[in-house]
Amino acid sequence: MSAHVINGKELVGAYRTEIKDQVDRLIAQGVKPGLAVVIVGEDPASHVYVRNKNRACEEAGIHSEVYKLPEATSESELLALIAKLNADKAIHGILVQSPLPKQINEERVVEAIAPEKDVDCFHPVNVGNLMIGKPGPAPCTPAGVIEILKKVGVDIAGKHAVVIGRSNIVGKPMGILLLREHATVTTCHSRTSNLEEITSQADILIAAIGKPKVIKRRHVKPGAVVIDVGVNRLDTGKLSGDVDFDDVVDTASVITPVPGVVGPMTITILLRNTLEAAQRSAGLRAVH
Ligand SMILES: Nc1nc2c(c(=O)[nH]1)N[C@@H](CN(C=O)c1ccc(C(=O)N[C@@H](CCC(=O)O)C(=O)O)cc1)CN2
């Protein structure tokens, strides 16, 4: 059996069209959603992601401002920019691209963003709301994974979902969002001693490890749905996921290739979070 390989162009393209339609309707009501993206330093991969976010905003009709700050930017300079953006009525979403240079404390920066403009859902207020199921944003990558599962018709309720990774950006919120969809959730990480034993029981396996091709056929239950969150650049310059695609494709029932699915869907959820922040600011969507 060969897996259904998800076509990111089709799936993500269709969802971006839906979001653009909602943006158009909001603009017709007199509100143009606005996003500010801040990047500090020269990390090449981060610059690619920020460029893609800016282009996606333009295509969706969302006003977008990109602030490129030098590597030597101080924390107080960055905090001053965030204060200015917090006060800017044309900006509904603020995102500071991670990672930041070492002289800047990422936690202080995240906490300086007004929670209602935190489209990454990194602010402790939004993380808390997510945890207890109140309305608000959800972090882009895990929310994107849920969207992918729903759009390809995977029934999540009652399934055993195994998440490999426990980062604040992906692994931990992924578990919360899967619980919200009534999955039985197990989280594995670098200290899990019997990884293969656990992953091979998963109906839905989500790899967010950050190491290329570590998930092999032996880790995957026949017929499982495999979602690969990893984006790893190999020495050859090519991108690879955390899953060894060629080894797993004949065992899984559904699989996401890397690149092309989870990354672009992450950016699509950023558009959705910005749209929803603008709707909330206009009183057109429930606040907590
Ligand atoms: N403030 C944030 N910083 C970071 C986040 C985040 O959600 N918010 N997540 C990651 C990076 N990330 C989002 O910013 C991200 C990673 C990858 C992609 C993507 O489209 N990947 C493409 C490949 C792109 C390439 O050619 O390199 C794919 O997988 O097809 C989008 C966003 C860390 N920082």
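Q: What makes a residue part of the group around the ligand, and which are the closest?
A: A residue counts as near a molecule if its C-beta atom, placed from the backbone, lies within 6 Å of it. By that rule 22 residues surround the ligand, and the closest are Y49, S98, C140, P259 and G263. Do keep in mind that this is a predicted model, where local features need pLDDT of at least 70 and side-chain atom pairs count only at pLDDT 80 or more, while totals for chains, interfaces and linings use all residues. Residues are numbered from 1 along each chain as its sequence is written.

Q: Which elements give two or more residues to the shell around the ligand?
A: They are α2 (44-60), β4 (93-96), α6 (140-151) and α10 (262-281). Helices here are DSSP runs of H or I with at least four residues, and strands are runs of E with at least two, numbered from the N terminus. The most comes from α10, with 5 residues.

Q: Why is the ligand shell said to lie between domain 1 and domain 2?
A: Because domain 1 (29-116) and domain 2 (140-262) both give residues to the shell. The domain bounds come from an automatic or database domain assignment. Taken over C-alpha atoms, the domain centres are 28 Å apart.

Q: What does UniProt list for residues 139-281?
A: An unreviewed UniProt entry labels them "domain: Tetrahydrofolate dehydrogenase/cyclohydrolase NAD(P)-binding". Such annotations may be inferred rather than shown by experiment. In the model, residues 139-281 are 36% helix and 17% strand.

Q: What makes the crossing of α6 and α7 right-handed or left-handed?
A: A crossing is right-handed if the near helix is turned clockwise from the far one by less than a right angle, and left-handed if anticlockwise. α6 passes α7 in a right-handed crossing. Helix α7 (residues 171-180) packs against α6 at an angle of about 35°, with the axes 8 Å apart. Those axes are lines fitted to C-alpha atoms over the stretch in contact, and angles run from 0 to 180 degrees between N-to-C directions.

Q: Which residues of α6 and α7 meet?
A: P142, A143, V145 and I146 in α6 meet P173, M174 and L177 in α7, where contact means C-beta atoms, placed from the backbone, within 7 Å. By class, this contact has 7 nonpolar, no polar and no charged residues.

Q: What makes the backbone at P99, P259 and C121 worth a look?
A: Most residues other than glycine have a negative phi, and most peptide bonds are trans. Yet a cis peptide bond joins S98 and P99, with omega about 5°, and the bond from V258 to P259 is also cis, with omega near 0°. P259 sits in the loop between β11 (254-255) and α10. As for C121, its phi is positive, near 60°.

How values were computed:
Two residues are in contact if their C-beta atoms, placed from the backbone, lie within 7 Å. Ala, Val, Leu, Ile, Met, Phe, Trp, Tyr, Cys and Pro count as nonpolar, Asp, Glu, Lys and Arg as charged, and the others, Gly among them, as polar.
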